[in-house]
Amino acid sequence: MTTKLLVANLSDIDVKGSRKVKINDTEIAVFRLTDGSVLAVENKCPHKGGQLSEGMVCGTAVHCPLHDWKIDLRSGRVHEPDDGCVTTFETEVDSESGSIYVTI
Amino acid sequence: MATKKKLVLIGNGMAGVRAIEHLLKLSPESYDITIFGAEPHPNYNRIMLSSVLAGGADMKEIVINDWDWYKENNITLHVGHKITKIDTDRKTVVSNLGIEAAYDSLIVATGSNPFMLPLPGADKEGVIAFRDIKDCETMIDASKQYKKAVVIGGGLLGLEAARGLLHLGMEVNVVHINPYLMDRQLDEAASRMLQRELEAQGMQFLLKKSTASIKGKRRATGLVFSDGSEVDGDLVVMAVGIKPNVDLARLTGIEVNRGIVVNDFMQTSVPDIYAVGECAEHRGIAYGLVAPLYEQGAVLAKHLAGVETAGYAGSVTSTKLKVSGVDVFSAGIFVETPDTKALKIQDDLGGTYKKIVLQDGKLIGAVLFGDTSDGAELFSYIKSGESVAGREKELLLGFSADQLGQSSGGNSRLEAMADDEIICGCNGVSKGTIADAIMNKGCNTVGSIKACTKASGSCGGCKPLVEGLLQIYAGDSIGEPVKEGICGCTTLSRDEIVEEITRMKLMSTKEVMNVLGWHNPEGCSKCRPALNYYLGMLYPEEYVDEKESRITNERYHANIQKDGTYSVVPRIYGGVTSPTDLKKIAEVAEKFEVPLVKFTGGQRLDLLGVKKEDLPKIWEELDMPSGHAYGKTLRTVKTCVGNTFCRFGTQDSMGMGIQLEKAFERLNTPAKVKLAVSGCPRNCAEATIKDFGVVAIDGGWELHIAGNGGVKVRATDLLCIVKTEEEVMEWSSAFLQYYRENAQWNERTAQWVERVGLDAVKQGLENREDRLALKDRLEKALSVTTDPWKQIVETDELRKNFEQLSGAEPVKL
C-alpha cells in the first residue's frame, strides 16, 4: 500500500538545495532542481551512509558530502566508476500552491 | 585449429613473469602457460621489500600480479612448489609435491639466493638473510622481542635492511668488511657523505671488520670479529650478496658458470630451455638490477612469440637509488685509474656531490650524491660513447633536461635506442611497446599512451621521452595533446578559465559554464566551487557568492562528520583565550550535550558531534566569531608565548599572531591557509611547516612561506627578513593576495610554490609598489566579508536549511 504525504512547500527548499524529512523510520531527502522539478530519494548514500541532503546538486545528480559519490536523483543509480543504488520516491508538485507530495 | 604449445616457467618472480606478461601482449594465443613458484605468494615486487619494512608499503601493495591476473590469462599457477627435476628427454618438469608438467619450451627463472657466509654459528636461531617476504616477517617479529640487530654487509641490500630494522625500533649496527659503504656503487667521497647522513638517522657502522663467528647458545647474541672485538645483537641479518640459483640447472646438465649460461636470445645449452633474470649469465655477467632483467625478458618474449629481435646485447647499468631518503646515482667506471681524468664538485653544505670520469674525451663513469637529476643525461653519454671533448665542464656543471629534450640531439638519441630499452622505469615500459602503441594502436597523445601502456603514469619523469617518441613515430598524425582541464566537465585549465572570465567579464558560474562550453550544464563538485572561488577573487565587490556552489562544510559553516553530525570551532585569536570565553564554551557544550570537546592542532577548541539543527542555536549562545575550521580560508594563527612570559622570547609573538588573525579572518583562499608566529628561533609554534610562518629573531622577523605539515610534509622556504610589525603585515598581505590571484582552487601554498617555483613568487613580491597594490586588493576582498554564523543566526531564510522538514501529512485520496 502506498501513502501520499504532503511534506513541504516549494518555498521551503532552495534551488539546487535539499531538505530532509523523516517518515516512519525512513529519512528522505527532498531536492529542488534548477528546472523547478522536485525529486526525493532515501537520505543515505549506498557507500558509507552519508546524508545526501547535505551534498552539492549538479543537474539531476547529487554529490555525497562524505566521499563525493555521484548519485542520479531520477534513477537512484550511482554514477561510474562507483556502483550502487538508492531508493527513489515518487514526487508531485502542485503548481498553484507549491505543495510538495511524496509517495511512499 | 592448431594446438597451443606448452610453456612452463620455473620461478614466479619479477624477471620470469615479466617475460610472460610481455609474451601475452605479443602473442596471447600461442601458448598454454604453467608457472611454478616456490614462495606461497603471487608475483611481487622484491625491490619494495625494504619499503614494507620501513613502513612505507603494505605487503599487499607490493604484489605486481594478483591471483586474478593468472586466472584472467588462463595461466596454471602452482605456488609453494619447488621444481626438483627437469627431464630433458621427455620434456617434463616435476615438483617436490609431485606435480608433473610437460613443456615445449621451458623458462628457468629461479633467481638468486642470498649468499650466507659459512661462519661458525651461522645455523643459530636469529640468523637470517634479507631476501623474501618470510625474512621480512622474521625481522618484524624479532623487533617485537629484541632490541639489538646486527647487519653484515654495508652494500645496498644491507643498508636497506638496516633502515627497515631501524624503523622497527631496533638499535642497528652495520658491519662492513671494506673501509667504506656501498663500495660497488659509490666512490669514497660519496660514500662518506652517505655514512654521515645515515649516522644522523641513527645507524651505527663497524667498518673494516671481518666477522669470524656468531656467538650465542641456541640463539645468536652477537658477532666476534677476526681482530678479537665483538658486537652484541639478537638478530643477525646477512646481506653480503646474492648468488644465482643454478642448482636445478646444474642437476639437469645445463651449462652453468657463475649463472646459467645463455646466448643473446636467452637460450641455454639445452634446446628449448631458456633462462632469464638473476639466475642467468649473459656474456659473463649475471645481473642483479631490475632494468637488465626486464630487457632480457623482453627479448625472450619476442623470441618465443616469433617476433624478430636483434637479441640481447647486454646492459650498461646505472644505479639510481634512494638510500634512506638520500638520492645516489652511479654508472660506468667511476673509480679513477691512471688513464682516466675526473672532475668533481663536492658541496658539504648542500649535501651534494658530483663526479664525472673521462677517458680519451669520452664520458665513462659518473657518481652523483644528493641530487641525481643529471643522472639520465650522463648515463646516455656513457652508453652512446660519443666524444664530449671540450664540454667536460658543461657536463659537470650540468645543463637542464629541457635543453637536451628540445635539441635535435635528444631525438636522435631516442631513435638510436634499442626497442627493448626501458623508457618508463616505474612501469617497465620499453621503447618498443610505446612505438607499437603509437604505430599499431592509434595512440597519438601522451595521455593515450599512458592509458594504453602505463608509460609516464607513475612519477612522470619519462614524459619528455614519451613525447620524443611521439614525434618520431606519430609524425603528422600526432594529436593535439588532450588537455586535462580542471575537471571532466571542461578541457580548459585554471589559467585559461580565469583569462576568459576576465576577458568576457563573465559574472556567474552558470554563465562561465554556458559560454565556455561545459560538457555538463551544471558542472560538478570540482568545477563549481572552483569557479565560485575564481569569480569571487576576480570581482570581490560585484560577485554574489553562490552558496549552492560551495562544498558542504562551507555551506553549513561547520565540518560534517561521518555520522552526519557537525563540529563547531569558535575563533580564538592567536590561540589566546580568557576564563570568560572558556566558561561560555563549557556552558554551551553542557547545555547542548556536546559529546566531545577537543583541542585542535591549531590551538582551538572543537565541539564535536553537534546535530545540524543545533548549529545556529549553539552559535547564537556562543556569540563568538566563526573559527572557519571548515573552509578554504584562513584557519588559525598558532603562536607561542613569546617575550610576554618566555625567557627566550625575543618578540611579542602572541600580539603579532592576533594581529594577523584579525586582519585575515574570513578571507577566501584557494585552499586552507594556516599561519603561525614563533617568538624565537626555537620555533615552538612550528611556523616552518605553515603556509605563512613568522619566526621572531632579535630585532626582526623571519618570514617563511609554503610549508605544510599534512599529507606531504614540506618545510617552508625563507621569503625574507624584515624589521617591523608593519612590514610583517605588508609582506603577509601581499603574499596571501598573490597566492589568491595565481593558485589553482584547492592548491595549497606548498604545492603552488613547488609548481611555480620560489623565485617566481619572490619576483612577484619584490617591488614595494606591487606589494602595496596586492595588499590593497586583499583589503578590498576582506572588506565585504561578514561573520557567517552571525548572518545565519539573524536570517530566517538561511536558518531554515538547518531544520528538518516537520510536516508529513498523509493526503486522503
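The model is predicted.

**The contact between the chains**

Chain A contributes 29 residues to the contact, and chain B contributes 23 residues. On the side of chain B that touches chain A, nine residues are nonpolar, eight are polar and six are charged.

Strand pairing also links the two chains. Strand β1 of chain A (residues 4-9) pairs with strand β37 of chain B (residues 809-810). The sense is antiparallel, and there are two bridges. Leu6(A) has Glu809(B) as its bridge partner.

**Strand pairs within chain A**

Strand β1(A) also pairs inside its own chain. Its partner there is strand β9 (residues 99-103), which runs antiparallel to β1(A). Five bridges join these two strands.

Strand β3(A) spans residues 26-32 and is mostly covered, with five of its seven residues buried. It pairs with β2(A) (residues 17-23) in the antiparallel sense. It is also joined to β4(A) (residues 38-42), again antiparallel.

| Strand pair | Bridges | Residue pair |
|---|---|---|
| β1(A) and β9(A) | five bridges | Lys4(A) and Thr103(A) |
| β2(A) and β3(A) | seven bridges | Gly17(A) and Arg32(A) |
| β3(A) and β4(A) | five bridges | Ile28(A) and Glu42(A) |

Two hairpins involve β3(A). In the hairpin of β2(A) and β3(A), two residues lie between the strands. Asn24(A) sits in that turn and has a positive phi of about 55 degrees. The hairpin of β3(A) and β4(A) has five residues between its strands. There, Gly36(A) takes a positive phi near 95 degrees.

As background, side chains in a regular strand alternate between the two faces of the sheet.

**Ala212(B)**

Ala212(B) belongs to strand β13 of chain B, which covers residues 211-216.

Pro118(B) is 94 residues away from Ala212(B) along the chain. The C-alpha atoms of Ala212(B) and Pro118(B) are separated by 9.8 Å.

Conventions:
Residues are numbered from 1 along each chain as its sequence is written. Chains are lettered from A and ligands numbered from 1 in the order in which they are written. This is a predicted model: local features need pLDDT of at least 70, side-chain atom pairs count only at pLDDT 80 or more; totals for chains, interfaces and linings use all residues. Helices (H or I, at least four residues) and strands (E, at least two) are DSSP runs, numbered from the N terminus. Two residues are in contact if their C-beta atoms, placed from the backbone, lie within 7 Å. Ala, Val, Leu, Ile, Met, Phe, Trp, Tyr, Cys and Pro count as nonpolar, Asp, Glu, Lys and Arg as charged, and the others, Gly among them, as polar. Two strands pair if DSSP finds at least two bridges between them. A residue is buried if 20 or more other C-beta atoms lie within 10 Å of its own, exposed if 12 or fewer, and partly exposed in between; C-beta atoms are placed from the backbone.
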